[in-house]
Amino acid sequence: CLKPLADSNLVRSTPSPMMDVVPEFLEEMEDVPLLTHESNPSFLKRDGITTINFFSGEVDTAIDFLKKKLQHMAELSPWICGKLVRGAKQHGSRVSIRHAKNAQHTDIFQVDTDLELSETMKYTDLVKVVGKSSAHVPAGLLLMKEQLPVTKLTVVPRVGAPNNFALIFSMSGVVADDATYYTVLNSLLSDTGKITAISASRKEASAGEIPNVVGRAEFEASLSLNFTLSSMFGQVPRLYCFHVDEVKMKAEMARVSSKPGAPADISPNDILASSYGLVVNPRLLLMTIDCRGCIDGLGAQDAGNYQGRLLFDVQGYGSPGAIRKSLSEP
């Protein structure tokens, strides 16, 4: 039985030996073209999405469990073992995920005994250590240059603690948004044994509807020169990680929902987004939303970057209710 101790979101180590490896030129390969915007040079600079979880339990048992789950996932969704390539004439200028039809988990799994991690480490220290290791999937341009896989799962045995280990899961932000990332991770860690296939086939028409979901004027504003220059040449942001107390969160949700005229379906994200805005007090606040469920034919089983960004002024993020209304009303 594996018991989570703690987890922290992080926004290379010697690879494990690979057995029965078939040379890539002998394998039957398949190319899955990405969305047009995912193939944009600036988008290809996106870093990987990485999380680390600390567990207690037998490391060898956990490794066997994870290998079986990962192999099953690779069989249903082989693209997770793929690499980014460009050049197929039929795909024009778009980048593709090239993967073996008979994908093997050994391409993306490793046990790293060199990393020294602890749940008591400062968040910034965790980011630095893991970010410089092979456990973290780097930016898309580097993936293409070095032909590294778009996914990596790493088990890190704890030094001096044989029944404790860390699990690092990383996926390229070029091929997956947060929703896709957590769909894969949650399926991997589920103890039910059920794994659902996730399709990497892109839906260009659906992606084209994202501006209509978030508001075309707001969408264009978020891509304006001011926003671009600010993100490129602004101050380097400091990284922080905070624990969300579930008991306090439920109490706050109940309190906000009980106010006259407040929407009844206040979510934790409404609370966090509004609280963040009130603390930072920006002139404009961007909030990312998942457009799956908002666009016909686009669901959780569709891998890719289908997120949009909502633009809020002070009045818009001033309360959780205001954020909820913006999501539920035209």
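Glutamate 116 is exposed, with a relative accessible area of 60%. The cut-off for exposed residues is over 50%, and glutamate 116 is therefore placed in that class at 60%. The model described here is a predicted one. Glutamate 116 sits in the loop that links strand 6 (109-111) and helix 2 (123-131). Leaving aside residues up to four places away in sequence, glutamate 116 touches Met121 and Val159. Its C-alpha atom is separated by 8.0 Å from that of valine 156. Along the chain, glutamate 116 and valine 156 are 40 residues apart.

Strand 3 covers residues 48-56 and is joined to strand 8 by 9 bridges. These two strands run antiparallel. Here asparagine 53 has leucine 167 of strand 8 as its bridge partner.

A separate description applies to the open sheet of 3 strands, ordered 2-5-4. Its pairing is antiparallel. Strand 2 (29-33) and strand 4 (83-85) stand at the edges. Each has a single partner strand, so one side of each is left without a neighbour in the sheet. On average, neighbouring strands of this sheet are turned by 35° against each other, direction ignored. Strand 5 (residues 96-100) is joined to strand 2 by 5 bridges, and the two run antiparallel. Glutamate 30 stands opposite histidine 99 of strand 5.

Helix 12 comprises residues 320-328, and its buried residues are Pro320, Gly321, Ile323 and Arg324. Viewed down the helix axis, these buried residues fall within an arc of 160°, so they line one face of helix 12. Several elements contribute to their cover. Among the helices, these include helix 9 (246-257), helix 10 (268-280) and helix 11 (314-317). Strand 9 (285-290) and strand 10 (307-312) are also included in the cover of helix 12.

Notes: Residues numbered from 1 in each chain as written. Predicted model: local features only at pLDDT ≥ 70, side-chain atom pairs only at ≥ 80, totals over all residues. Heavy atoms only, no water. Pairing = 2+ DSSP bridges. Helix = DSSP H or I, 4+ residues; strand = E, 2+ residues; numbered from the N terminus. Axes fitted to C-alpha atoms, helices over the stretch in contact; angles between N-to-C directions. Buried < 20%, exposed > 50% of the residue type's maximum accessible area, 1.4 Å probe, protein only. Arc of directions from axis to C-beta. Contact = heavy atoms within 4.5 Å.
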